[in-house]
Amino acid sequence: MDWLRQFLQRFYSFFRSAQLDRELEAEMSAHLQFATEENLQRGMSLAEARRQALVQFGGPQQSKEQHREARGFPFLESLLQDLRFALRVLRKSPGFTAVAILTLMLGIGVNTALFTIVHGVLLNPLPFPRPDLLVSLWEENVIDAFAYNPVSGGVFADWQKEARSFEQMALIGEDTANLSGDGGALPESIGIRQCSYNLFLLLGVQPARGRFFTQEDDRPGAMPTTVLTNGLWKRRYGSDPSIVGNTILLDGQKFAVIGVLPKWFDYPDKRVQLWVPVRLVVSETDMQNRGNHRFFVTARLKDGISVAQASSELDEIQERNHAQFPNELMGKNARALLLSENLVRDVKQSLYLLMGAVLCVLLIACLNVANLLMARATARRREIAVRSALGGSRWRIVQEQVTESLLLTLAGGAFGAFLAWITLRWLLSLQENLPRADSIHVDGTALGFTLAVTVFCGVFAGLLPAVAATRNELFGSLKEDSRTTSGGRSRARLRKVLLTAEVALSVVLLIGGGLLLRSFTQLRSVNLGCRTDKVLTMGFTLPESRYATEVRRAEFFAELLRRARAVPGVSHASIVSVLPGAGHFVDNTFDIEGAPPLAPGQFRNAVIRGADPDYFVAMHIPLKRGRIYSEADHRAVDDNGMVITESMAKEFFPGENPIGKRLAIDWERKPRFEIVGVVGDVLSKLDSPPEPTLYLPLNSGRLEYGSLVVMTDSGHDVTALALPLQKQIAAIDPDLAVSDVLTMGERIGNSTEPAKFDAVLVLLFAVLGLVLAAVGLYGLLSYLVTERTNEIGLRMALGAQRFEVTRMLLLEGLQPTATGLALGVFGGGICAQLIRGLLFGVRPLEVSIFAAVAMVVLMVAGAACAYPAWRAARVDPMTALRYE
Amino acid sequence: MSHSKLDLLQGTLDLMVLQTLAAMGSMHGYGIARRIEQVSGDAVLLNQGTIYASLVRLQQRGWISAEWGTSSNNRRAKFYSITKRGRKQLSEDAAYWQRLTGVMGRVLALQEGAGDE
């Protein structure tokens, strides 16, 4: 109870401070009177009696201070006092306050935004029970040793039989389908996934409606069933609960809807619209095939088994089976990867890069505010010295400065949180394909982060100048009169150190941004090897139910080409299975007739494309040798001609003429296709060298998906063709959906979007950092000029030329710039090595970029220093010497 | 006026004030300070001003009470007197101090003896 009583007393005293002070004052004056009287009785003179009384009493101010501390809340009192003081000071210099708050707002805002993304995407656990046991399993590609090759059905069956580390494993297969046939809604092409029945069970999800698949559903010949994602259910069926139990048409086939997934479920990404059982749609032979790599495997570890243990067990199994079946196209190695890691494999590096960049910005912002505060502390150094002399404790003065900077950062943090919210929306709109984007929210953790960063900034920016200001300078500052010429040198030195750090960080950012920008422009200027302007593309997939035979498909292709070419404005129309730049997509092994057989485990392998003969002319893909396969009859399905690319000729027919060679492709026992021509290379990915590729005639290529490409002549807008073409497709098959109606330019733009995202952001941050550093430089030099007006006047009176004065000050300002530049170039070199995985077509130590950055920094620094230096030269010696 | 000295004195000063008030009845701040100086034979170098922090502390704990009154030479001053709770606290603290000094004395004597052997 005692503490409560005391607390109440202190609380009471706290609010009666003024009255208690008056009482104490009266009590103390009575005390001194008593003492003086007693001393007088001892026979002292009045003056001596007074003096002795005061000496015995000790410092009256300190006594009062002790009294206040004993009776109230000393910490709170000084805090309030500091706050009042800080508010007054900040109000008195609105320019300084605005700059500081703005700086901090930027630093804190972008950090909070980026942290929110990193937290949502990389740090937040997956929304499944025991996510630490969920793994993704991968087979290594036997041909190019790519570590994350999809798994074939046969290999999956092997793993399921032999591996002991896993509680269960599930398959996921990718596909697209035409969704149609419900009450007049337009057909649409949607992304679907096939899965083994246990996937949802394995992940630990409960259905929002209905039920999930059972083993009964997941077998050949079962009644077709499907589970909808919540997004599709809401979008297409208006969240109608009665859809469960009804049927929908997928590629013209009836599927019973048995369940709906919960809203939060967006695994593996949010483009997936619905799920079907894998064994229902994939034939049993394909499920046993070891060479057809088409599935993604998700598994749950047994509790207590580590990812590394599972990974090595899997690897052993794979190695054993590979040795047992050397002629199967399967990987030698395999691995397990934590599911959460797997989802963010592609974006991790980029996110950490951006997080690093914004941390640099934050550091620069802090340094800048510290710098500004230091300038202010300098102006107040005599006040501080006087206060120290009068008994103000050093801690108290430091506390006051930290309060002031905390006030600034809190304001900056508040605005920063708002900025973060805006930035976040902007960033997310730029980066649409970010995995797990739905788990990104400005939540408690993010705000906690903001607060932590804010307090860190406040303490950092306040402590540095405060400690410097109170360090051993009591006598120095008191003695320092207005005529001094060396005043504040050490403080200027500290400010230079801060500026050096700022410049160095900006340089690192600039170098990173420069390298990324160059990568991006390199990527954009990559020559795909074909025409890209005035080309419109649209994708389609022919459902097997209605286009089961090659003849049936050939009819569709011929009809589509005929109609497309008749559309006014179309100069060329062609069909190709996979567009240039759209990715690797599909490759096959093949044998060359008459060539010596390869050793077991060795394969001849090439990317495979189907195209109509007109495609090469239309897309400006040059014919290097021979001819294109026949154009005679579009409906023929037995054209055996084939065209290969230059890189394929180089790899498989070095020093030979490939024309006339015959190949047996994968699915054929006997050689069938004959090479009739060689064409130029086309890139399947912008950032990879051309892959050996072979083109088969449209109708012979077992093609059930493809893209229509149409070109127009100059003077026409190619996008205007989209609608008439879609109408033509609908006229052929009203249930066939068209996807991704995009120009080639848009496709390239989309594929370089992530690179652009990184480059633009890092450069933006770099410019931000540079501006802050320039402001700091300007401030420092202005300060030096004011500080040294006297000295400058003296120099000029003694005959120094104006240009010499200017040069002296310029050098003063450029010295931290030069040091910072050197450090920054060094740091930038290291960072460039760290981000080399994100670079394309540019060496990490690209001299031209480093040189450009150095130029820019020197120019900006020069500009920032020019005005103060020029002003120094305008100093009138007479005024300067009189200057106080 | 170094801090270490004040810190050292703090607990002790409170006890001295309580004891003085218990022995002398109602007194003002100066009287208490002088009394302590006299009793200690001026061995305690007291900044008289520090007595007021001690007084407010004791008052807040409810061990002493204060009221304004008039001194013998007709001057207004604040007079402090010990309360019932204060007396109880004083007897506890005094016993504690005596035990402590007793123990300290024995311990120190023991150490000197050990050094001699």
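**Burial and a helix face**

Colleague: Which residues of helix 20 of chain A are called buried?

Modeller: The buried residues of helix 20 of chain A are A:Arg553, A:Ala554, A:Phe557, A:Leu560 and A:Ala564. A residue is buried if 20 or more other C-beta atoms, placed from the backbone, lie within 10 Å of its own, exposed if 12 or fewer do, and partly exposed in between. This is a predicted model, in which local features need pLDDT of at least 70 and side-chain atom pairs count only at pLDDT 80 or more, while totals for chains, interfaces and linings use all residues. Residues are numbered from 1 along each chain as its sequence is written, with chains lettered from A and ligands numbered from 1 in the order in which they are written.

Colleague: Why are the buried residues of helix 20 of chain A said to line one face?

Modeller: Down the helix axis, the buried residues of helix 20 of chain A fall within an arc of 130°, so they line one face of the helix. The arc is taken over the directions from the helix axis to the C-beta atoms. A:Arg552 and A:Ala566, on the other side of helix 20 of chain A, are exposed. The buried residues pack against strand 13 (570-576), strand 21 (705-712) and helix 23 (722-732) of chain A.

Colleague: How do you know that the length of helix 20 of chain A is close to the expected one?

Modeller: Helix 20 of chain A (residues 550-566) has 17 residues and reaches 24 Å from its first C-alpha to its last. The expected span is 1.5 Å times one less than the number of residues, and for this helix the expected value is 24 Å. Helices here are DSSP runs of H or I with at least four residues, strands are runs of E with at least two, and both are numbered from the N terminus.

**Positive phi and a cis bond**

Colleague: What makes A:Asp251 count as buried?

Modeller: A:Asp251 has 23 C-beta neighbours inside 10 Å, so it counts as buried. It lies in the loop between strand 7 (247-250) and strand 8 of chain A, and its phi is positive, about 50°, although it is not a glycine. Most residues other than glycine have a negative phi, and most peptide bonds are trans.

Colleague: How do you know that A:Lys534 is buried or exposed?

Modeller: A:Lys534 has 21 C-beta neighbours inside 10 Å and therefore counts as buried. A:Lys534 also has a positive phi, near 55°, and sits in the loop between helix 19 (489-524) and strand 12 (535-541) of chain A.

Colleague: What kind of peptide bond joins A:Tyr267 and A:Pro268?

Modeller: The bond is cis, with omega about -5°. A:Pro268 is placed in the loop between strand 8 (253-260) and strand 9 (272-277) of chain A.

**The sheet of chain B**

Colleague: What makes strand 1 and strand 3 of chain B a pair?

Modeller: Two strands pair if DSSP finds at least two bridges between them. Strand 1 (residues 27-28) and strand 3 (residues 76-82) of chain B have two bridges, in the antiparallel sense. B:His28 stands opposite B:Phe79, and B:Met27 opposite B:Tyr80. Seven bridges join strand 2 (residues 64-70) of chain B to strand 3 of chain B, again antiparallel.

Colleague: Why are strand 1 and strand 2 of chain B called edge strands?

Modeller: Strand 1 and strand 2 of chain B each pair on one side only. The open sheet of three strands has the order 1-3-2.

**Contact and confidence**

Colleague: How confident is the predictor in chain B and in the complex?

Modeller: pLDDT is the predictor's confidence in each residue, from 0 to 100. Chain B averages 81, and 81% of its residues score at least 70. Within chain B, the lowest mean, 72, belongs to helix 1 (residues 3-24), and the highest, 91, to strand 3. Over residues 1-8 of chain B the pLDDT is below 50. For the complex, the predictor gives an ipTM of 0.82 and a pTM of 0.74.

Technical notes
Contact = placed C-beta atoms within 7 Å.
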